Amino acid sequence: MSQTDVVSEAATKAASKKASKKAAKKATSKKKTAKKKTAKKKTAKKTAKKKTAKKTAKKAKKKTSGSSLKDKDYKLVIVESPSKAKTIKKYLGRGFQVVASNGHIKDLPKSKLGVDIKDNFQIDLVPISGKQAKIERIQELAKYANEIFLAPDLDREGEAIAFHLSEEIGKRKKIRRVIFNAVTKKAVTEAVENPTELNVNMYDAQKTRRVLDRLVGYKISPILWDKVQRGISAGRVQSVALRIIVEREDEIKAFIPEQWFSIHGDMEKDGKLFEIKYYGENAKKKTELTDEEFTKKIVSDVKGKEFEVIDVKKRERKQNPTPPFTTSKLQQEAANKLGFTAKRTMMVAQRLYEGIATTDFGTVGLITYMRTDSVRTEPESLNALREYVKDQYGEKYLSPEPIEYKKKGSSKVQDAHEAIRPTSLEYTPNQLRGDLEPDEQKLYELIWNKFISSQMSQAIIDQTAVTYECEGHFFKANGSIIKFAGFRTVYMEAAAEKASRRGGNDDEDDTAKATGELPLIDVGEKMKAKNGPNEVEHWTSPPPRYNEASLVKTLEEKGIGRPSTYASIISNIQDRGYVEKVENRFMSTELGTVVCKMLIESFPDVMDVAFTANVEKLLDKIEEGEIKWKKVLKEFWQGFEKTLEKAKEEMKNLKKQEIPTGIHCKKCEDGEYLIKWGRNGQFLACRNYPDCTSTFDFKKHLDGTIEILPKDWFRDPCPECGKRLEVKKGKYGRFVRCEEYPKCETTLPYTIDVTCPKCKVGKFAEKKSRYGKIFYGCTNYPDCETALWNEPKVYDCPACGFGVMGVKETKRWGKQLQCPECKHSVDWDTTPFAKEDEESNNE
């Protein structure tokens with residue numbers, strides 16, 4: 001190797017060594033920089049955590065610290081609902097704290113009676129479960145408030161909440177009661193500027209009602225558990241409402257239809273076709289046609305003969321507008337016109353009352369208080385309404401004088417309030433369109449139109465009645481036309497609307513259907529029928545079952561409960577399984593009928609409609625200060641206590657009752673089926689039990705015959721003994737049980753043959769929520785918490801690929817499959833399940 005090469009190699013090595021050192025130094029520098037950055041990040045995170053912790057502590061301190069509240073100069077307003085609190089806070093602004101109690105804060109305890117009968121009906125009120133934190137928050141806010149205004153609703157329950165709040169806050173501060181009929185800025189500010197005192201009489205009335213309900217429920221229910229089945233209950237008002245439905249069912253079953261006839265013919269004049277109908281053998285007295293031979297003789301007498309006009313009467317009938325809504329009328333009309341249940345109506349009305357966020361007006365209460373018996377409108381609103389009608393519809397559509405409506409009957413308790421009306425005529429339904437949910441829009445329009453029509457002019461209807469004579473038989477034709485629509489331009493009652501669709505009108509004699517305007521007819525004219533006359537056979541119909549509207553109307557007429565309680569009464573008897581809805585009509589269930597009849601037998605006073613109505617009158621008198629509340633309770637208890645002791649001894653024990661049927665057992669040789677009462681109602685069981693375990697569900701026909709219902713077998717066998725599993729119905733929905741029960745005690749949840757796509761282990765079990773709604777939960781719970789509200793079907797979602805979609809049906813879109821993950825929908829008709837449905841229907 002030459003010297004040059006040696007030098008070159010040494011230089012290369014030196015350069016390489018220098019580069020390595022430089023790279024190492026650079027790498028070390030990078031590591032140090034990275035460490036510094038990491039350290040800085042950690043420091044920043046720690047600082048951020050400290051700051052967050054400080055902020056959280058500061059917020060918590062603001063909420064709970066007395067000193068921070070003490071520094072603030074504020075007045076406290078307490079209302080019932082959070083939505084109302086938000087609306088009112090916007091109206092009152094700075095200087096006010098507004099908090100919601102979220103309804104009642106105290107009630108009688110759930111675990112015991114809570115009423116000391118021996119100690120003059122002393123009541124033990126305790127905080128409602130989950131409300132202790134709310135009470136403490138209110139107490140803390142009240143501690144440092146300058147003034148306290150209690151502003152729950154203006155009914156008895158609202159007054160009770162106000163008293164309970166006052167008790168919890170204590171007497172350290174001046175506490176005032178605030179009452180407003182509408183959640184508007186004007187109403188709220190005026191109420192706060194003019195507070196009143198708590199109404200002790202109103203609170204006494206509420207306490208009396210609550211104690212009476214507790215005594216009836218807590219004392220009668222255990223007897224029913226012992227004699228019928230565990231878990232059922234009785235209610236002071238609900239049981240009487242049940243009686244009305246049960247007795248209507250008895251009327252329907254006992255009804256014997258009777259045959260009757262009518263005779264109709266068609267006349268024509270000047271191109272107008274109209275109907276004539278047989279009236280009688282005397283022009284002034286109607287004849288009922290119940291004999292078929294006599295009816296046919298009349299038809300034979302007049303067929304092809306001339307009919308002579310012997311009388312033409314024309315009269316102008318005026319129809320008056322009706323007052324704005326009370327609670328019960330609103331529930332009835334919403335049921336008839338919108339198909340709303342009483343409960344749905346009240347929920348929607350509550351939202352309209354408490355405040356809706358609108359585009360043009362901000363958050364405003366749209367209607368006045370929705371629990372009222374009153375038909376009155378305050379003078380200022382009445383004047384504004386009359387100006388509105390005049391401007392919008394013209395002078396002729398306005399009633400000549402202001403119409404002052406008065407409540408019928410003697411009830412005066414809630415007539416101090418107003419009827420239900422819009423809070424301002426600025427808030428027209430058209431301007432709110434888009435701000436309101438569909439239900440809110442429909443109900444608001446109903447309330448709006450009823451209010452507007454209440455000060456409009458009368459409708460004028462021209463009526464014509466023509467009487468014909470033929471061979472000594474008299475026929476009539478009626479016609480009517482709306483000469484001037486008046487208030488009907490804006491609103492027609494549901495009954496009038498129905499009559500109008502029929503071609504008649506709501507209060508017209510039914511001797512002949514009104515067919516619109518009749519042609520010009522003069523006395524002495526003779527004409528032949530274009531068609532007929534012919535006889536038509538009819539059969540009398542039983543009274544109809546109650547629907548939402550007719551039940552509410554009956555409860556009101558009979559004085560059962562208050563309009564504010566109708567919705568809860570109807571919900572309760574359904575939730576307890578005493579009543580069910582079939583084709584929008586209420587029918588008592590087997591359980592409801594049995595419980596009702598046992599209660600009538602053992603507790604005639606409690607179940608008496610007149611007695612229940614009288615209790616409502618007594619509550620009114622307590623509220624008016626005419627009678628003391630404890631006197632009412634003492635008088636009630638004296639009679640009720642004796643009835644209770646008698647019922648414990650004498651009420652039938654359905655659990656032990658066995659009714660022979662004469663039907664031979666299908667399983668053993670010498671057995672006979674007996675009707676027994678179980679936790680889910682009546683069933684058939686073999687007399688030879690426990691040697692023979694054969695049981696069946698059955699249906700009893702009106703003629704008394706018993707039809708054994710076929711068993712509903714589950715797809716899988718019993719995992720313990722291999723026998724078949726039977727699908728049963730229980731309190732919490734469907735379940736499956738071994739056919740050899742109780743020899744084999746296997747009981748399993750009812751599952752759908754769909755594997756959970758998340759855990760791929762469990763299947764979906766059909767369950768019932770605490771509110772009675774069916775849902776589908778994975779059987780691998782709690783390891784898998786997948787749950788669906790809609791029945792799952794194995795179908796890959798086209799949008800996200802999720803392996804299961806739920807069956808959903810709406811009025812707008814019909815039946816669909818909807819993905820529970822991404823909410824993508826697929827029309828039912830495009831799925832293979834539609835074809836399966838069609839095939840099963842054809843079978």
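# Tour of the predicted model

Select G577, which comes just after helix α17 and takes a positive phi of about 80°. Helices (H or I, at least four residues) and strands (E, at least two) are DSSP runs, numbered from the N terminus. This is a predicted model, in which local features need pLDDT of at least 70 and side-chain atom pairs count only at pLDDT 80 or more, while totals for chains, interfaces and linings use all residues. Residues are numbered from 1 along each chain as its sequence is written, and side-chain values use heavy atoms, with hydrogens and water left out.

Now select residues 566-575, which make up helix α17. Its buried residues are Y566, A567, I569, I570, S571 and I573. Buried means under 20% relative accessible area, exposed means over 50%, and partly exposed lies in between (1.4 Å probe, protein chains only). What covers the buried residues of α17? The cover includes α8 (238-254), α10 (327-338), α11 (342-354), α16 (548-558), β18 (579-582) and β19 (585-588).

In general, an α-helix has 3.6 residues a turn, so residues three or four places apart point the same way.

Look at both ends of α16. After α16 comes G559, whose phi is positive, near 75°.

## A threonine in a loop

Select T372, in the loop between β13 (362-364) and α12 (379-393). Is T372 buried or exposed? Its relative accessible area is 1%, so T372 is buried. A polar atom of its side chain lies 3.0 Å from the backbone nitrogen of S374. The backbone oxygen of E418 also lies 3.0 Å from a polar atom of the T372 side chain.

## Aromatic pairs

Rings of Phe, Tyr and Trp (its six-membered ring) pair if their centres lie within 6.5 Å; planes under 30 degrees apart count as stacked, over 60 as edge-to-face and the rest as tilted. By this rule there are 19 aromatic pairs. Show Y278 and F475: the ring centres are 5.6 Å apart and the planes stand at 75°, so this pair is edge-to-face. Y278 is in strand β10 (residues 272-280) and F475 in strand β15 (residues 473-484), so the pair ties together parts that are 197 residues apart in sequence. Y278 counts as buried at 5% relative accessibility, and F475 is buried at 0%.

Then show Y444 and W448, a tilted pair with 6.2 Å between the centres and 45° between the planes. Both residues are buried. They are 4 residues apart in helix α14 (residues 438-453), about one helical turn.

Two rings have a lysine over the face. K337 lies over Y491, 4.7 Å from the ring centre, and K476 lies over Y279, 4.2 Å from the ring centre. A charge sits over a ring if NZ of Lys or CZ of Arg is within 6 Å of the ring centre and within 35 degrees of the ring normal.

## Nonpolar cores

Select F603, F611, F636, W637 and F640, a cluster linked by ring pairs. F603 touches I220, I223, F640, T643, L644, A647 and M651, not counting residues up to four places away in sequence. A nonpolar core is a set of buried Ala, Val, Leu, Ile, Met, Phe, Trp, Tyr and Cys residues joined through side-chain atoms within 4.5 Å. The largest such core has 118 residues, and L443 and F603 have the most contacts inside it. A second, separate core of 20 residues includes V302, Y468, F475 and L518.

## An open sheet

Finish at the open sheet of 4 strands, in the order β30-β31-β32-β33, with antiparallel pairing. Two strands pair if DSSP finds at least two bridges between them. Which strands stand at the edges? They are β30 (751-755) and β33 (787-788), each with a single partner strand, so one side of each is left without a neighbour in the sheet.

Follow the pairs across the sheet:

- β30 and β31 (residues 763-768) are joined by 3 bridges, and T755 has K763 in β31 as its bridge partner.
- β31 and β32 pair over 5 bridges, with F764 opposite C778 in β32.
- β32 (residues 774-778) and β33 are joined by 2 bridges, and G777 has A787 in β33 as its bridge partner.

Notes:
Contact means heavy atoms within 4.5 Å. A polar contact is a pair of N or O atoms within 3.5 Å; within protein, one must be able to donate a hydrogen and the other to accept it, and residues adjacent in sequence count only if both atoms are side-chain atoms.
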